[in-house]
Each structure stands twice: as structure tokens, then as C-alpha cells.
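Good morning, colleagues. Please look at the structure first.

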Amino acid sequence: MTITALVVDDSALIRKVLSDILNNDPEIEVIGTAFNGKDALGKIKKFRPDVILLDNVMPVLDGLRALVRIMKEYPTPVIMVSALGEKAEEITLTAFEYGAVDVIPKPEGILSQSIPEMAEEIRKKVKIAAKANLDNLECMRYPEKEKPDKGKKAERKAGDESFAGTAKNVIAIGTSTGGPRALEKLITAFPADLPAAVLVVQHMPPGFTASLSRRLNSKSALEVREAKEGDVVENGVVLIAPGDHHMEIVRNKVKGREKDVVSLSRAPKELGSRPSVNVLFRSIAPIYGPRIISLILTGMHCDGAEGAEEIKKKGGKVIAEARSSCVVYGMPGEIVKRKLADFVLPLDRIAKELLNMIKDASN
């Protein structure tokens, strides 16, 4: 069955580039194009596409306001088409709260050698979006939460040097499509005194992981940042793998003391992804063993399954997000299929169960 797509962008060139990319796949048909959000609403009503590619910055009716109308009037999987730059990336992250499924960077350098790889990624994301669970694409805008206690972050960093680089436990998270909203709901539920380090692989283009980290940091009691080479793994800190880089944890001597630190690379993609959940999971399994709780959240395909097997062999635990809360059930579904899950839980129950597991392990 052919997937129909609507391309919305105020640039005629970008509309043509995206349309050509999608129409080159026999499983996808661009059923129409629109030059702003207002034009798009009329085309959506007329064509009822399976997937919408939506520019985030447009005149007359911009991407965010159009997205709100789309999700209310014509619920449809939406992929945001975003330029790079902090402002555009922040708009896109807000779009995830309004119900967007995924993001692709706006094509640049039309004649560059990276276009074939980019084209394949765009087509793949459209096919995944077409399978998204619309029930879990509702507007995720929450009432303003109480501001996290920034003082606790500073106090932990300044007054707990003994734990720097010696994480008691490790929470390792892998996610893809639908992941930004899932991560926000999960990480903001963790307390400031979490006795664990948190390591995250979210399939996302370069640049967006930095914006995601800043946003989560502003809403979380924990310190959240995009990982850098040599960052130390420590309790109460969330490190997110940067887009287009694998993240591994290695044990090194830092100033004469053994510490676990981040190692980044642009080694070949694994299962089509960089960063790869498998790469992270395999690196931590021999270091932390039974002190690992790994989570596989919403996402397509099977990244994380092989790594979860390694974690299980070393005595670690595996939690899979339940189908009932996933935007796409592929990654968690593979964990369940391989009988690797110690728990299968909806998103809103994961934080509580995870904290109980850590508490039980400490007793």
C-alpha cells in the first residue's frame, strides 16, 4: 500500500527537493505540496495524506500553530522539517510536545555527496511515521511544573566529590521515534538525589541533541547535558549521546584515579543509526554488570536488543516500554519478542518501578 505524503515549506526549492526524494521510492507518493500552514490545512482537508512533512518557520501560519490545528482537526503523523540553529531546534522540540512524530534537518547543499544518505533517512522516517500510534500523538503540553531545585544540582556537584566518576548504578536508555516526549516525562520524574548515572541514546540529527539536553536540563532536578569526549559518568548526571556520534563508556585513569568516562566516535552506523543503542549497551555491560537498569523506549526497528542481551548476561535488568504508551512499538517490541524484558511497563509507571528497583538493590 502506497504511503501518501504532503510536503509543506515556504521554499519552492525545498518543496521540490523533498518531493523528488520521496517520489523516488515506489512505496511513497507526494500527494500535494503547500507553501505555508494555512495553505497546508486546506490541502490536508482535500487530500487526507498519511504523513505530513512540515516546515517549522513559515509566514502567515507557522509550523507550530499549524501543527496544533492539524492535531486537533485532522490528526496525522507529522515530521518537522527544521533548519539548524538554536532557535529552530527549540521550536522543533516544542513541536514534539504538540504531537510531532520526528524531525529531519532541512536539506542543504543540494549537490553535496551526503544527499543520497540523507534521502534514504528521510524516506525511512516517512515510512516509520506512517505506522505511528495516533492515540499517543496527542498534544503533550503539560501545565507548567514547579521549577526544579537548581540549588540541589549545585550542592550535589560542589559537595559530593567522593562520588565523581563512581556511579553506584547506571540507568541506560535507548529510544528513537517518539523519544523526546518520552524522555521529558521520564527524566523529569527522577529526584535530584538519584543514586545513579543516566546515559541516553536518542536517535536524532546533529544539533538537536544539544537543544534536547538544554530543554531537559531546564525542566529536570538532575543535571542534563549533551555528552562530550572525556565526560565522567557520575550519580545525578544525565549524559545524552550527541547526534551522529556513537557513545561508549570506557574505564580510564584520570589524575591517578580510575574513572568511567565517555568516548565518542563516528565509527560506521549500526543498524542504520549513529548514535547506536547497541554500542552504548555493549560498552557498559562489562563495566557495571548487575548495577545496570536498561530501558528501551518507543522507536522503530531493533536497535538495543543485542546490547540488552549483553546486559542480561552480566546480570543487569531490562525494562521495555509497553505498547500502550509507545508512538512506535518496534524497539520495545523486539525486546519482548526476544524474551529479554524483566518488566514491560507503560511510560507513566517506569520511573516509579525503576526507583523501587534501585532502592531494593541498595538494601
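Helix H9, residues 277-288, packs against helix H10, residues 305-313, at an angle of about 10°, and the two axes are 7 Å apart. Helices here are DSSP runs of H or I with at least four residues, strands are runs of E with at least two, and both are numbered from the N terminus. Axes are lines fitted to C-alpha atoms, for helices over the stretch in contact, with angles from 0 to 180 degrees between N-to-C directions. H9 is roughly parallel to H10 because of that angle; the term covers angles under 35 degrees, while over 145 counts as roughly antiparallel, 65 to 115 as roughly perpendicular and the rest as oblique. The crossing of H9 past H10 is left-handed, a term for a near helix turned anticlockwise from the far one by less than a right angle, with clockwise giving right-handed.

On the H9 side, the contact is made by Asn-278, Phe-281, Arg-282, Ile-284 and Ala-285, and on the H10 side by Ala-305, Glu-306, Gly-307, Ala-308, Glu-310 and Ile-311. Contact means heavy atoms within 4.5 Å. By class, this contact has 6 nonpolar, 2 polar and 3 charged residues. Here Ala, Val, Leu, Ile, Met, Phe, Trp, Tyr, Cys and Pro count as nonpolar, Asp, Glu, Lys and Arg as charged, and the others, Gly among them, as polar.

A note on the source: this is a predicted model, in which local features need pLDDT of at least 70 and side-chain atom pairs count only at pLDDT 80 or more, whereas totals for chains, interfaces and linings use all residues. Residues are numbered from 1 along each chain as its sequence is written, and side-chain values use heavy atoms, with hydrogens and water left out.

I turn to H7 and H8. Their axes come within 10 Å and cross at roughly 25°, so H7 and H8 are roughly parallel to each other. Their crossing is right-handed. Pro-180, Leu-183, Glu-184 and Ile-187 of H7 meet Leu-212, Arg-215, Leu-216 and Lys-219 of H8. That contact comprises 5 nonpolar, no polar and 3 charged residues.

Where does the largest cavity lie, and which residues line it? Its lining consists of Leu-93, Phe-96, Glu-97, Pro-180, Arg-181, Glu-184, Leu-212, Arg-215 and Leu-216. The space inside is about 50 Å³, and the structure holds 1 cavity of 30 Å³ or more. On a 1 Å grid over the protein atoms alone, a cavity is a set of points where a 1.4 Å probe fits but cannot get out; a pocket is an open set with protein on both sides within 12 Å along at least five of seven lines, and lining residues have an atom within 4 Å of a point. Points are joined across faces, edges and corners, and a volume is the space filled by probe spheres set on them.

The largest pocket has a volume of about 750 Å³. Of its 32 lining residues, Pro-105, Glu-121, Pro-205, Pro-206 and Lys-269 are the closest to its centre. Helix H5 (115-129) and strand E5 (102-105) each supply at least two lining residues, and H5 gives the most, with 7.

H5 also meets helix H1, residues 12-23: their axes come within 9 Å and cross at roughly 75°, and H1 and H5 are therefore roughly perpendicular.
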